[in-house]
Amino acid sequence: MTKEKLKSKTLYIVATPIGNLNEVSKRTFDVLSEVDLIACEDTRVTNKLLKHLGIKKSLLVCHEHNEHATSERIIELLLDNYKIALVSDAGYPLISDPGNKLVSSVLENGIEIVVINGPSAILPALIGSGLVTNHFYFHGFLSSKQSDRLSELRKLYQKEEVLIFYEAPHRLHKTVQDLYEIFGDRKMTIARELTKMHEEYIRTSLEDCLNMEPGKYKGELVLVVDGYAPENVKVLNDKEILHYLNQNIKQGFSFKDAIKNVATIHNLPKNMVYRIYIKHKDLIN
Ligand code: SAM
């Protein structure tokens, strides 16, 4: 196979393994060997990969805290005819990883980019989830602040596509609690430690997952949650509607917004939720 001739004044955006270092294509190997410089998030992680591949290369650190300043340096070098690769610690740069600012500035400066395909946690999680894969929506990380996380989930509630979230293991239980609160019960798969020795797919439901011992699943994980299906929406009684109204009010929503949220999320007519609120408002604290 002939080696690809790299173009100068080009930024190569290269996906790298998400665990198993053997998931490097010949093209990825060639590009990493041939560029003049690699911009990476963490030199320790990238050096480990380069050592595995037997490549020696100068590295320039480009992470979320210095991306702006480093972008300027990278653009200077590219304009000086360098060939540069951008990698992150795992998977594709720019997918829940740094690189967006750099790539926009590179394009604004009329410099070419080439994307070198490789692993990412999104697709194996989706494909191994057992859920229907025709349409899907990737969200990445939800906010770590609960009130923001709940508002994000409210906006996603009626999406019919399968939803994909990245999550840290120590936040798994809280996130599943919030998913359950907003979505009700749905099928969910936890795809963990993909491509690594302890890879596993836990095909479960939000409710069953809530009953699992918190902290049970460690390591890197992706949550794949079934989309909205009107036939699966649970019919709520007055007591349950009041419970959700109370929850919204405790989270700081006005009565008007609480009624709107509960009506939207549970697919109920707003005036019906309003009537229940008027009837039982003494019970709302
Ligand atoms: N750029 C990466 C990509 O293309 O998938 C994502 C990087 S993001 C900072 C890290 C998150 O991706 C982890 O918290 C986890 O949700 C997911 N992830 C990365 N590697 C994984 C793996 N081997 N197994 C499961 N999830 C993984």
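**Charged side chains and their partners**

Modeller: In this predicted model, the mean positions of the 37 positive and 37 negative charges of the chain lie 2 Å apart. The chain has 285 residues, of which 47% are buried, and its fold comprises eleven helices and ten strands.

Glutamate 67, in helix H3 (residues 67-79), is a buried residue without a salt bridge. The nearest side chain of opposite charge belongs to lysine 101, at 4.6 Å, and this pair is not counted because a salt bridge requires a side-chain nitrogen of Lys or Arg within 4 Å of a carboxyl oxygen of Asp or Glu. The side chain of glutamate 67 does, however, reach the backbone nitrogen of lysine 101, at 2.9 Å. Leaving aside residues up to four places away in sequence, glutamate 67 touches Cys62, Pro98, Gly99, Asn100, Lys101 and Leu102.

Helix H3 also holds arginine 73 and glutamate 76, which are three residues apart and thus separated by about one helical turn. Their side chains meet in a salt bridge, with a distance of 2.9 Å from N to O. Both partners are partly exposed, arginine 73 at 41% relative accessibility and glutamate 76 at 48%.

By the 4 Å rule, the count of salt bridges comes to eleven. One of them joins glutamate 112 to lysine 7, with the closest N and O atoms 2.7 Å apart. Because glutamate 112 lies in strand E5 (residues 112-116) and lysine 7 in the segment before strand E1 (10-14), this pair ties together parts that are 105 residues apart in sequence. Glutamate 112 is partly exposed at 40% relative accessibility, and lysine 7 is likewise partly exposed, with a relative accessible area of 39%.

Elsewhere, salt bridges that share partners join Glu193, Lys196 and Glu220 into one network.

Definitions and conventions:
Residues are numbered from 1 along each chain as its sequence is written. This is a predicted model: local features need pLDDT of at least 70, side-chain atom pairs count only at pLDDT 80 or more; totals for chains, interfaces and linings use all residues. Side-chain values use heavy atoms; hydrogens and water are left out. Helices (H or I, at least four residues) and strands (E, at least two) are DSSP runs, numbered from the N terminus. Buried means under 20% relative accessible area, exposed over 50%, partly exposed in between (1.4 Å probe, protein chains only). Lys and Arg count as positive and Asp and Glu as negative; His and the chain ends are not counted. The place of a charge is taken as NZ of Lys, CZ of Arg, CG of Asp or CD of Glu. A polar contact is a pair of N or O atoms within 3.5 Å; within protein, one must be able to donate a hydrogen and the other to accept it, and residues adjacent in sequence count only if both atoms are side-chain atoms. Contact means heavy atoms within 4.5 Å.
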